[in-house]
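Subject: Structure handover

Hello,

Here is the structure I promised to pass on. Please open it beside this email and follow along.

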Amino acid sequence: MPRSTYQRLLGFVGKLAVLLILGFLVLPVAVVTIAAFNDRAILSFPPQAWSLRWFAKAIAYQDFRDGFRNGLVVTVWASTIALMVGAMFAYALDRYRFRFKKGIEGILLSPLVIPHFTVGLGFLILAAQVGWTRGYAVVVFCHVVLVLPFVIRSVYVSLRNLDQSYELAAASLGAPPSRVLLTVTLPLLLPGLVSGWLFAAILSFNEFTASLFVTAQRTQTLPVAMYNYVREYADPSMAALSVMYIVGTAVLIVFANAFLGLGKVLNIEQSR
Amino acid sequence: MNAQPFLRPFTAPAVLCTVGLVAAMAAVLQFSLRAYVPGSLEPGGFTLANFSDLLKPLYAKVFLDTVWICFLTAICTLFVGYPLAFALVRTQNAILKSILLVIVVTPLFLGEVVRTYSWIIVLGNNGFINSVLMNLGIVRQPIQFMFTTFGVVVALVHVTMPVMVVMLAAGLSHIDRDYQKAAESLGAGPVRTFLTITLPLSMPGVVAGVTTAFAWTFSAFATPQLIGGGKVNMISNLVYQLGFASFNFPFAASLCVAGLALTIVVLTVLRLAARPLDDLKAH
Amino acid sequence: MNNLADSRNGTASSGDDIAVRFDAVTKRFGDATALREVSLSVRSGEFMTLLGPSGCGKTTLLNLAAGFFSPDGGEIRIDGARVNDVPTYRREIGMMFQNYALFPHMSVAENIAYGLKVRHIAKKERDRRVEEVLALVRLAGMAGRKPRQLSGGQQQRVALARALVISPKVLLLDEPFSALDKNLRASMQVELREIQRKLKVTTIFVTHDQGEALSLSDRVAVMSDGRIRQLGTPEEIYRRPCDRFVASFVGDANVLRGRLDGFDGAHSTVAVGTARVKVPEAPLRGVALSTPVDLFVRPEQLKIAEICAPSAFGGRVAAQVYQGGHVDLYIECAQSASDRLLVRSAGQDAMTRWPVGAEVGMIIGIDDAVAFPVP
């Protein structure tokens with residue numbers, strides 16, 4: 001297509017704007033990375049000397065180690081439970097008619113708009129009232145409720161896109177419902193289930209506000225441990241941890257994009 | 001013949017979660033109607049005093065500030081996010097597109113604490129921006145970003161941007177490119193095509209993005225807490241302080257209830273305002 | 001192969017020769033009634049086609065036979081046993097879907113073996129039967145492929161093999177050719193019919209394509225509006241439509257205006273202009289003389305004749321279109337109910353060149369047309 005000077009200029013301005021916005025997105029990541037490798041304890045730019053000692057300190061710091069372990073425990077339980085609960089409910093939502101369907105769906109999706117501090121406070125009070133100790137159970141249950149909307153949506157969309165004639169074909173060939181579910185529906189839903197689980201796991205591992213309310217010293221997750229650290233210390237070991245965090249998440253995202261097609265998961269593929 | 005063979009086993013766990021969530025929300029509601037007994041974790045009798053206390057100027061201001069910050073953040077995020085979403089959807093180069101996508105999406109999964117901490121390093125008095133400006137001799141005294149509404153909003157825009165871009169991109173990607181080609185064939189220039197075709201057709205995505213950005217910002221805690229540092233307060237900070245510093249859980253609960261009511265009102269207004277756009281979603 | 005055919009014969013001879021029987025079956029979806037007391041018996045080994053426009057209820061009838069939902073009234077029997085409350089997976093049916101519904105995560109062999117596996121048939125026997133049926137549909141050597149690696153025609157054969165390998169009591173086909181292009185469609189139709197004859201499997205076939213219905217079926221049930229309008233052999237349906245709907249839905253038809261002129265034993269006589277046409281008496285039984293009637297005649301049964309020939313009616317040639325195998329002649333005629341009549345001639349008749357505007361006569365042989373009273 002022939003382009004006029006005006007159009008070229010417009011394209012240039014557009015590209016510049018996008019670059020600036022990308023810069024805004026990347027800036028804190030870049031700065032935190034520089035700070036993490038800075039040898040000095042006080043933040044200063046540009047750094048005079050480089051070192052890895054903040055990484056060593058972050059890895060050795062007991063609260064971070066505990067937080068990482070606790071976070072992993074909570075994440076694995078919460079995302080797995082949420083996947084099972086959410087997938088089964090999404091199936092019922094797509095295929096069945098039952099009482100209070102709309103109501104249950106509405107309530108389960110409501111954590112998308114209810115502020116996390118409200119959910120956290122609610123579970124804190126509830127746990128105190130029914131006499132639960134502030135152990136893992138409360139944290140996991142709270143996380144399940146918080147990530148459930150994402151799992152339900154992800155699985156529901158996959159179910160919608162699943163041609164029902166596969167299941168009818170299996171039934172016509174003599175497979176009873178449970179067998180249809182295990183040999184046809186489940187394998188065909190697998191990509192949706194994996195992306196739903198991954199989504200849930202990442203969100204749960206990063207959940208902070210509600211966790212701050214429902215965790216105790218013994219169960220505090222990594223974001224809570226990091227928050228407490230930032231409030232008390234100013235040395236760059238937090239920056240070092242952030243870098244590890246960013247790299248870990250980015251690797252997961254690149255993986256998800258390569259194997260599952262993030263564009264499809266997020267529903268942003270150009271329609272033609 | 002049973003047409004719904006797995007109904008019970010498949011819905012029972014979800015019903016359990018529903019009951020749990022409803023119970024938690026009911027607990028908040030119940031606490032918001034109870035009296036605060038200083039020095040005790042157990043609340044007193046039923047009262048409406050918590051809600052009348054909300055009207056005190058100190059708390060009313062926090063409410064207004066919260067709405068203002070959410071509004072500001074949503075609008076700024078929209079203006080910054082739109083070009084990026086546009087680039088993301090229209091880029092033809094697959095590798096470039098993947099890179100854009102990863103850059104946009106990674107912060108979405110980074111969590112509030114890491115991102116807020118990063119912004120402290122960027123905006124602090126000894127932080128990146130002030131160091132660079134002073135080293136270049138542009139300013140003598142560090143500019144105060146921390147503990148200001150500006151600083152909080154900048155960080156919040158960064159926090160909210162990925163979800164805004166994803167929502168806008170979803171809206172933009174479902175616009176048929178032929179509309180744009182048709183407009184161009186009729187002699188409309190690129191700016192005019194954008195303003196008369198693409199922008200109106202992307203309005204459903206814009207509304208979804210603004211709505212979500214508003215709700216997310218409302219829920220933010222670490223950012224106003226760490227960057228606002230007590231000078232810029234949102235409802236979330238007040239709830240935490242009341243709960244964990246003064247153990248006044250009944251009042252914290254009433255703040256949550258009022259905050260939730262406010263969220264619902266704002267989201268409903270946004271949705272009603274967007275109703276004329278509903279027929280754009282049809283295709 | 002013998003195995004498949006034998007097991008078919010075994011079940012066929014044990015029944016009362018009716019494989020599938022619908023008895024006053026009614027089905028409603030909300031307020032809409034999809035089927036109104038439909039009764040139909042499909043004979044053992046028969047190829048029965050349900051033909052009709054979309055929304056006529058043909059697919060609903062098929063799905064009821066498959067057990068995808070239950071009827072609101074009436075009874076369905078397969079091999080004499082009432083199946084109203086028998087779920088799909090215990091009905092011993094084979095079904096082919098419009099999009100084939102081949103499981104994308106299984107190979108061709110796994111797809112075909114699925115029904116055998118569900119029936120707990122030993123691996124060795126399973127492998128043997130898969131191989132056998134693959135040979136039947138001429139796909140030997142394709143066992144390891146995934147469905148997406150196959151062409152449309154190959155996918156369809158796999159779907160057929162998968163449905164046949166379990167020796168179903170009845171084979172249900174839901175518009176299986178609609179996704180194929182025209183040439184492939186014709187050859188697949190011939191192949192399907194050959195296999196069906198070889199195995200003598202009772203087949204219910206749903207289509208909206210009347211050509212398909214006429215060329216494949218032993219009998220055709222023409223449906224509209226939730227009812228069966230006519231049940232008969234393809235020839236009966238084509239030559240002796242029982243009402244205006246069937247006459248106009250199946251095949252091309254010219255409609256001429258006429259008047260009932262008299263009865264003559266087995267025939268009625270209809271006056272078209274000055275001409276007299278003898279038609280079957282049945283549709284006009286009880287109609288008063290001189291009543292206006294519409295005469296339905298197929299394009300190939302309108303014959304060009306001398307304008308002055310006895311019982312000929314006149315017209316003027318508007319266009320002649322060469323179609324390769326035959327020639328279509330469009331004729332303007334005062335008695336036509338639509339604007340032009342279509343005369344289709346093949347062979348020697350097609351050789352004549354008619355100038356536009358030429359006056360011609362047309363005749364209709366005895367029983368070559370049917371007449372219905374004007375509604």
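Is Asp328(C) buried or exposed? Asp328(C) is buried, because its relative accessible area is 3%, and buried means under 20%. Keep in mind throughout that this is a predicted model.

**Salt bridges**

Let me stay with that residue. Asp328(C) forms a salt bridge with Arg344(C). The closest N and O atoms are 3.0 Å apart. The two residues sit in distant parts of the chain, 16 residues apart. Asp328(C) is in strand S17 (residues 326-332) of chain C, and Arg344(C) is in strand S18 (residues 340-346) of chain C. Arg344(C) is partly exposed, with a relative accessible area of 24%.

Why does such a pair form at all? Side chains of opposite charge can pair when their charged atoms come close. Over all chains, the structure holds 34 salt bridges.

Now turn to chain A. Glu167(A) and Arg95(A) form a salt bridge, with 2.7 Å between the closest N and O atoms. Glu167(A) belongs to helix H7 (residues 165-172) of chain A, and Arg95(A) to helix H3 (residues 62-95) of chain A, so the pair ties together parts that are 72 residues apart in sequence. Both Glu167(A) and Arg95(A) are buried. They also belong to a network of salt bridges, which links Asp94(A), Arg95(A), Arg160(A) and Glu167(A).

Back in chain C, look at Asp225(C) and Arg36(C). Their salt bridge has its closest N and O atoms 3.9 Å apart. Asp225(C) lies in the loop between strand S9 (219-224) and strand S10 (227-232) of chain C, while Arg36(C) lies in strand S2 of chain C, so this pair ties together parts that are 189 residues apart in sequence. Asp225(C) counts as partly exposed, at 47% relative accessibility. Arg36(C) counts as partly exposed too, at 32%.

**A hairpin in chain C**

Strand S2 has a partner. Strand S1 (residues 18-29) and strand S2 (residues 32-43) of chain C run antiparallel, joined by eight bridges. Arg21(C) stands opposite Ser41(C) in S2(C). The hairpin of S1(C) and S2(C) has two residues between the strands. Find Gly30(C) there: its phi is positive, near 60°.

**An open sheet**

Next, find the open sheet of five strands in chain C. Its order is S15-S19-S16-S17-S18, with antiparallel pairing. Strand S15 (302-305) and S18 of chain C stand at the edges. Each has a single partner strand, so one side of each is left without a neighbour in the sheet. From one strand to the next, the twist averages 50°.

Which strand pairs with S15(C) over four bridges? The partner is strand S19 (residues 359-364) of chain C, in the antiparallel sense. Within that pairing, Ala305(C) has Gly361(C) in S19(C) as its bridge partner.

**The cores**

The largest nonpolar core has 242 residues. Leu121(A), Phe123(A) and Leu84(B) have the most contacts inside it. Helix H6 (residues 136-161) of chain A gives the largest share of this core, 14 residues. Leaving aside neighbours within four places in sequence, Leu84(B) is in contact with residues of chain A, including Val18(A), Ile21(A), Leu22(A) and Leu25(A). In chain B, Leu84(B) is in contact with Leu100(B), Val104(B), Met161(B) and Val165(B).

Another core lies apart from the largest one. This core has 26 residues, among them Val297(C), Phe313(C), Leu329(C) and Ile364(C).

**A covered helix**

Helix H3 (residues 108-118) of chain C is mostly covered. How many of its eleven residues are buried? Eight are. Among them are Val108(C), Ile112(C), Tyr114(C) and Leu116(C). The buried residues of H3(C) pack against H7 and helix H8 (177-206) of chain A. They also pack against helix H4 (123-136) and helix H5 (152-164) of chain C. His120(C) follows H3(C), with a positive phi near 55°.

**Where chains C and A meet**

Here, 22 residues of chain C are in contact with 19 residues of chain A. Between them the two chains bury about 1,700 Å², 69% of it on carbon and sulfur atoms. How many salt bridges are counted between chain C and chain A? The count is zero.

Best wishes

Methods: Residues numbered from 1 in each chain as written. Chains lettered and ligands numbered in written order. Predicted model: local features only at pLDDT ≥ 70, side-chain atom pairs only at ≥ 80, totals over all residues. Heavy atoms only, no water. Pairing = 2+ DSSP bridges. Salt bridge = Lys/Arg side-chain N within 4 Å of Asp/Glu carboxyl O. Buried < 20%, exposed > 50% of the residue type's maximum accessible area, 1.4 Å probe, protein only. Core = buried A, V, L, I, M, F, W, Y, C linked by side-chain atoms within 4.5 Å. Contact = heavy atoms within 4.5 Å. Axes fitted to C-alpha atoms, helices over the stretch in contact; angles between N-to-C directions. Buried area = accessible area lost by both parts, 1.4 Å probe.
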